[in-house]
Amino acid sequence: MLKILVKGIKDGEYDIDIASPVSEIEGFFPEFYGEVRFRGKLKIVGKRYAVEGIAECEAHLTCDLSMEEYTETISVHISSSFYANNELYYASKGISEELRETSEHIIHEDDKYIDISEDVRQELAIHLPMKRIAPKYRGKSFEDIYPQYSANAPKKKPKKGQPEEIDERWNELKKLKFN
């Protein structure tokens, strides 16, 4: 869990550097492994807490062009705000997350920690690349990587004395006549 200690801390700005194994955070995509790291700032003003920073995690991906497996660091910007208010905390318990209109997380005034695990998990999942291309193939076309399979590739010519290979499945199409 990515939890930040807030109990007993006075108003101000504080540096945060926390990490947690992926296995300890529920619902992470299987591509992610190792540790999730978060570095940033915590700003406290009264009962409001603002967390801003960068979250990183390693992802094990398969290249769409070459089918080679590679590792990439997914890095995202996180910005979350929390408000400690007991009345709103108990009122929001009966309301689903989708029906809440505020983007601010409501926490109990007596909470020792604020948990940013869910925000980090969601942002990292969103930033997984749709088209997964290994770094050594980025910016290259399929023809650059596999010229032998390109439409412009030179065709093999039969050796002298050998007949040209003809696929017998096309013979029926040769019988078609167009008016």
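**Labels and cut-offs**

Mentor: Let's start with the strands: strand 4 and strand 5 (residues 69–84) run antiparallel and are joined by 15 bridges. Before we go on, this is a predicted model, where local features need pLDDT of at least 70 and side-chain atom pairs count only at pLDDT 80 or more, while totals for chains, interfaces and linings use all residues. Residues are numbered from 1 along each chain as its sequence is written, and side-chain values use heavy atoms, leaving out hydrogens and water.

Trainee: What makes strand 4 and strand 5 a pair?

Mentor: Two strands pair if DSSP finds at least two bridges between them, and here there are 15. The strands themselves are DSSP runs (E, at least two residues), as helices are (H or I, at least four), numbered from the N terminus. For a spot to look at, Ile-54 stands opposite His-77 in strand 5. Strand 4 and strand 5 form a hairpin with 6 residues between them, and Met-67 in the turn has a positive phi of about 65°.

Trainee: How do you know that strand 5 and strand 6 pair?

Mentor: DSSP gives 3 bridges between them, and they run parallel. One place to check is Ala-84, whose bridge partner in strand 6 is Ile-107.

Trainee: Why is the contact between Lys-7 and Asp-110 called a salt bridge?

Mentor: The rule asks for a side-chain nitrogen of Lys or Arg within 4 Å of a carboxyl oxygen of Asp or Glu. Lys-7 and Asp-110 come in at 4.0 Å, N to O, and count as a salt bridge. The pair links distant parts of the chain, 103 residues apart, with Lys-7 in the loop between strand 1 (3–5) and strand 2 (12–21) and Asp-110 in the loop between strand 6 (105–107) and strand 7 (113–115). A search of the whole structure finds 14 salt bridges.

Trainee: What makes Lys-7 partly exposed, and what makes Asp-110 exposed?

Mentor: Buried means under 20% relative accessible area, exposed over 50%, and partly exposed in between (1.4 Å probe, protein chains only). Lys-7 has 41%, so partly exposed is the label. Asp-110 has 53%, so exposed is the label there.

Trainee: Which elements hold Arg-37 and Glu-58?

Mentor: The side chains of Arg-37 and Glu-58 meet in a salt bridge at 3.9 Å, N to O. That links distant parts of the chain, Arg-37 in strand 3 and Glu-58 in strand 4 (residues 48–62), 21 residues apart. At 22% relative accessibility, Glu-58 is partly exposed.

Trainee: Why is Arg-121 called buried?

Mentor: Because its relative accessible area is 16%. Arg-121 also forms a salt bridge with Glu-118, with the closest N and O atoms 2.5 Å apart. They sit 3 residues apart in helix 2 (residues 117–126), about one helical turn. Glu-118 is partly exposed at 38%. Elsewhere, salt bridges that share partners join Asp-17, Arg-37, Arg-39, Glu-56 and Glu-58 into one network.

Trainee: What covers the buried residues of helix 2?

Mentor: The cover includes strand 3, strand 4, strand 5, strand 6 and strand 7. Among the buried residues are Val-120 and Leu-124.

Trainee: How many disulfides are there?

Mentor: The rule is a pair of cysteine sulfur atoms within 2.5 Å, and the count comes to 0. Cys-57 is buried at 0% relative accessible area, and Cys-63 is buried at 0%.

Key: Contact = heavy atoms within 4.5 Å.
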